[in-house]
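Please look through the structure shown here with its sequence alongside, so that each strand, helix and loop can be located as the text reaches them.

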Amino acid sequence: MGWVSIRSCKCLHIFIFVFYKSMRLKRWGQSIPGPFPLWPFLGNLLLLHKLPHRDLYNLSKTYGDIMELKLGSIHTIIISSARLAKEIFMTHDQAFSFRPLPTTLHYLVYGGLSVAWTHKTDDYWQRLRKMKVLELFSPKSLIASKHVRDEEISSLMHDVFEDCKEGKPTNMRTRLFDTSMNMMMRLLLGKRYFGLKLSDKKNDEFKDIILKQLAIVGIFNIGDFVPLLRPFDLQGLTTQSKQLRLKIDQIFDEMIQDRLKQNGLNDSKDFLGTMLSLPKTYGFGDRLGDNIIKAILNESIQAGTDTTACTIEWALAELLRHPQFAKKAREELDDVVGLERVVNESDIPRLKYLQAIVKETFRLHPPITLLLPRENIEGCEVGGYHIPPKTRLYVNVWAIHRDPSIYENPLEFNPERFVGSNVDLKGKDFQLLPFGSGRRVCPGYPFGLTNVQMELARFLHSFTLSLPKGENLQDMDMSEVFSIITLKAISLHVVATPRLPLHLYVAPQFTICGN
Ligand code: HEM
């Protein structure tokens with residue numbers, strides 16, 4: 001009896017193997033290496049756990065730098081080498097320009113009306129992206145918004161100084177997050193909302209909604225991969241995002257109406273004012289639709305805040321563990337800036353060591369480990385394999401950044417590797433892609449990078465940093481949590497000691513209301 005069951009079991013396996021092979025061959029031409037999609041409906045989904053970028057990195061060691069996975073019903077390829085990333089972004093960028101929209105985001109970005117989540121790189125996407133780039137991130141716009149960055153970073157330094165005066169460690173996560181949020185809010189809506197001394201009901205409600213949506217946007221929704229399960233909303237994500245959308249709608253509608261009632265829209269210096277007053281310039285007729293405005297506002301909040309804050313938190317954590325690099329960065333700062341003034345954005349080009357630290361942080365801790373998902377509109381050939389249309393693509397930059405054939409001792413934090421190197425972060429050096437590459441490369445790159453460099457420079461120049469009493473560097477937790485942004489699992493707390501004259505820590509006079 002036992003033998004019969006073993007024999008029938010073997011037959012079943014052979015049958016499944018032949019069936020599967022023939023399916024793959026039929027679908028893929030020459031089949032792409034990848035693990036066997038064992039489970040009906042789920043395929044390879046169970047191979048991915050809490051940190052999918054690490055699971056995929058480990059799988060790539062067995063299956064190679066291009067591998068096929070069946071994630072639920074979705075045929076997916078994972079790219080894990082700079083060589084194939086280059087092929088994708090240089091040769092097949094147009095083919096892979098489609099952006100699949102997760103269900104949660106469907107509600108939060110109005111069915112994909114924003115730059116990041118518009119499916120196609122069509123005329124609509126181009127005009128929207130152009131408006132965003134020119135009005136927020138062009139060199140001219142960056143100069144115009146410099147005072148916002150300067151004031152917010154000075155406010156951050158002041159708050160850390162106050163923590164130090166009160167003898168308490170600073171919770172870096174909260175401080176950095178509030179700073180990023182306030183910068184973004186001022187650019188978009190001309191107002192500060194986070195970390196304010198005085199509480200205000202409307203502000204608090206807005207903040208609460210933003211925090212709630214940031215908490216759910218990156219959660220992997222099983223219904224997106226297994227359509228059979230979608231109606232059950234097992235994780236409650238669809239329900240939550242629908243509820244949040246209603247609240248967001250209400251708040252943004254009120255903001256838009258208030259702004260329309262005001263005279264002199266053209267004088268509004270924020271992005272909401274621009275979107276309401278300049279639609280013709282970007283080919284949107286007399287009035288940009290409210291849903292488009294709301295989608296753009298919400299996307300910018302999602303994309304432009306945690307990304308920056310989490311990178312600075314990782315950088316500070318690494319520098320605490322490697323004080324020799326922090327020391328070198330301070331020596332450079334003292335040399336270039338001196339001790340009688342604070343760092344200015346114009347100092348950055350001369351702060352080469354600081355730039356190397358930032359690159360090394362982006363290498364080891366890219367905030368968006370798998371980039372944003374893409375799909376190919378048309379069939380193409382990658383790495384010698386035929387890829388049929390509608391194949392999902394993830395580029396595992398976390399894995400590429402750890403490739404030992406490119407980086408010596410890739411798991412070590414060592415900024416020296418970038419000293420004197422020409423590799424930059426613009427998406428043309430395929431071994432370092434924290435902002436992505438190709439036509440869907442991050443448009444917020446100049447703003448995000450400047451903020452990371454400036455906040456880090458100001459921290460290192462203004463303070464020496466140590467861990468709170470009772471904590472030691474050996475035990476410092478460097479684990480991650482995966483979401484749309486991969487954050488440090490345990491937020492960093494530090495004790496900061498000032499190293500500049502005291503008048504350089506005074507609170508700034510904000511040039512807007514809400515402080
Ligand atoms: C440290 C800061 C940042 C990092 C590391 C980062 C990273 C990324 C990455 C990896 C992508 C996907 C690129 C691809 O698919 O190839 C992306 C796209 C995008 N990012 Fe950023 N980002 C940052 C800051 C910002 C800021 C400040 C904004 C603006 C408010 C922004 C807005 C966007 C948008 C709109 C897209 C979608 C572009 C498109 O699909 O056309 N990002 N970002």
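Residues are numbered from 1 along each chain as its sequence is written.

The confidence values deserve attention before the details. The pLDDT, which is the predictor's confidence in each residue on a scale from 0 to 100, averages 90 over the protein, and 92% of the residues score at least 70. Over residues 1-19, however, the pLDDT is below 50, and beyond near neighbours in sequence this stretch has zero contacts in the model, a contact being a pair of residues whose C-beta atoms, placed from the backbone, lie within 7 Å. Where pLDDT is low, the predicted coordinates should not be read in detail. For the model as a whole, the scores are ipTM 0.99 and pTM 0.93.

Helices and strands are named here as DSSP runs, numbered from the N terminus, with helices being H or I runs of at least four residues and strands being E runs of at least two; two strands pair if DSSP finds at least two bridges between them. On these terms, an open sheet of four strands has the order β1-β2-β7-β4, with mixed pairing. Because β1 (66-71) and β4 (374-375) stand at the edges, each with a single partner strand, one side of each is left without a neighbour in the sheet. The pairing of β4 with β7 (residues 392-395) is antiparallel and runs over two bridges. Helix α3 (residues 82-91) packs on this sheet, where the helix touches β1, β2 (74-79) and β7, and its direction makes about 120° with that of β2, angles being taken from 0 to 180 degrees between N-to-C directions of lines fitted to C-alpha atoms, for helices over the stretch in contact.

Within the sheet, β1 and β2 run antiparallel and are joined by six bridges, and they form a hairpin with two residues between them, in whose turn G72 has a positive phi of about 65°. M67 has I78 in β2 as its bridge partner, and I78 in turn stands opposite Y394 in β7, so that I78 can be followed into both pairings of β2. The pairing of β2 with β7 is parallel, over four bridges.

The ligand is surrounded by 27 residues, of which the closest are G304, G436, C442, G444 and G448; a residue is near a molecule if its C-beta atom, placed from the backbone, lies within 6 Å of it. At least two residues of this shell are supplied by each of α13 (290-304), α14 (306-321) and α18 (445-462), and the largest share, four residues, comes from α13. By residue type the shell divides into 14 nonpolar, 10 polar and three charged residues, where Ala, Val, Leu, Ile, Met, Phe, Trp, Tyr, Cys and Pro count as nonpolar, Asp, Glu, Lys and Arg as charged, and the others, Gly among them, as polar.

Three loop residues complete the picture. N414 lies in the loop between α17 (397-400) and α18, and is partly exposed, with 19 other C-beta atoms within 10 Å. N414 touches E360 and N409, not counting residues up to four places away in sequence, and its C-alpha is 7.9 Å from that of I357, although the two residues are 57 apart in sequence. F41, in the loop between α1 (2-28) and α2 (52-63), has a phi near 70°, a positive value in a residue other than glycine, and counts as partly exposed with 13 C-beta neighbours inside 10 Å. D233, in the loop between α10 (222-225) and α11 (237-261), likewise has a positive phi, near 45°, and counts as partly exposed with 17 C-beta neighbours inside 10 Å.

Notes: This is a predicted model: local features need pLDDT of at least 70, side-chain atom pairs count only at pLDDT 80 or more; totals for chains, interfaces and linings use all residues. A residue is buried if 20 or more other C-beta atoms lie within 10 Å of its own, exposed if 12 or fewer, and partly exposed in between; C-beta atoms are placed from the backbone.
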